[in-house]
Amino acid sequence: MIETLGSRLRQLRISKHLKQEQVAALIDVNKSSICTYENNMRQPSLDILVRLATLYRVSTDYLLGCQSNKTIDVSGLTTVEMNMVANLVENMTEKNKKINNLDKD
């Protein structure tokens, strides 16, 4: 399935346990606007796109499908904690690569 801006917005909203009304209030738009964005009936303006990315803590590139990776906000972590997170991600990525290679054999 090809992910669209709308499907990514819906997925992010649901993962944050938010209703369309709540997202609309948080980014200062009408609820109907959120509905049209999520249903790919209308595209948000650049300003709204930035507000959505900020709300969901993802990049605008992620929302637009230019980047498949989500970003993680580590601004409150110490350097040691950031290194631990980076190592965990690296280890999990390597583990998944090995699993995928076993599945192909």
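The loop between α3 and α4 holds N40. In this predicted model, N40 has a positive phi of about 55° although it is not a glycine. Most residues other than glycine have a negative phi. As for solvent, N40 is partly exposed, with a relative accessible area of 36%.

Along the sequence the pattern is α-α-α-α-α-α. The radius of gyration is 17 Å, well over the 13 Å that the globule rule gives for 105 residues, so the protein is more spread out than a compact globule. Along the principal axes, the C-alpha trace spans about 45 × 40 × 25 Å.

Of the 105 residues, 27% are buried. The protein exposes about 7,500 Å², and carbon and sulfur atoms supply 55% of that area. Among contacts with a separation of 6 or more, 46% are accounted for by residues 24 or more positions apart.

Helix α1 shows how such burial is arranged locally. Its buried residues are L5, G6, S7, R8, L9, L12 and R13. An α-helix has 3.6 residues a turn, so residues three or four places apart point the same way. Leucines L5, L9 and L12 are among the α1 residues that meet α4. The buried residues of α1 pack against several partners, namely α2 (20–27), α3 (31–38), α4 and α5 (60–64).

The pairing of α1 with α4 can be described in more detail. Helix α1 covers residues 5–15 and helix α4 residues 46–56; their axes come within 11 Å and cross at roughly 35°. The crossing is left-handed. On the α1 side the contact is made by L5, L9, L12 and R13, and on the α4 side by L49, L52 and Y56. By class, this contact has six nonpolar, no polar and one charged residues. Arg counts as charged, and R13 is one of the α1 residues in the contact. R13 is also listed among the buried residues of α1.

Note on methods
Residues numbered from 1 in each chain as written. Predicted model: local features only at pLDDT ≥ 70, side-chain atom pairs only at ≥ 80, totals over all residues. Heavy atoms only, no water. Axes fitted to C-alpha atoms, helices over the stretch in contact; angles between N-to-C directions. Helix = DSSP H or I, 4+ residues; strand = E, 2+ residues; numbered from the N terminus. Left-handed = near helix turned anticlockwise from the far one by under 90°. Contact = heavy atoms within 4.5 Å. Rg over C-alpha atoms; globule rule 2.2 N^0.38 Å. Buried < 20%, exposed > 50% of the residue type's maximum accessible area, 1.4 Å probe, protein only. Areas by Shrake-Rupley, 256 points an atom, 1.4 Å probe, with all protein chains shown as cover.
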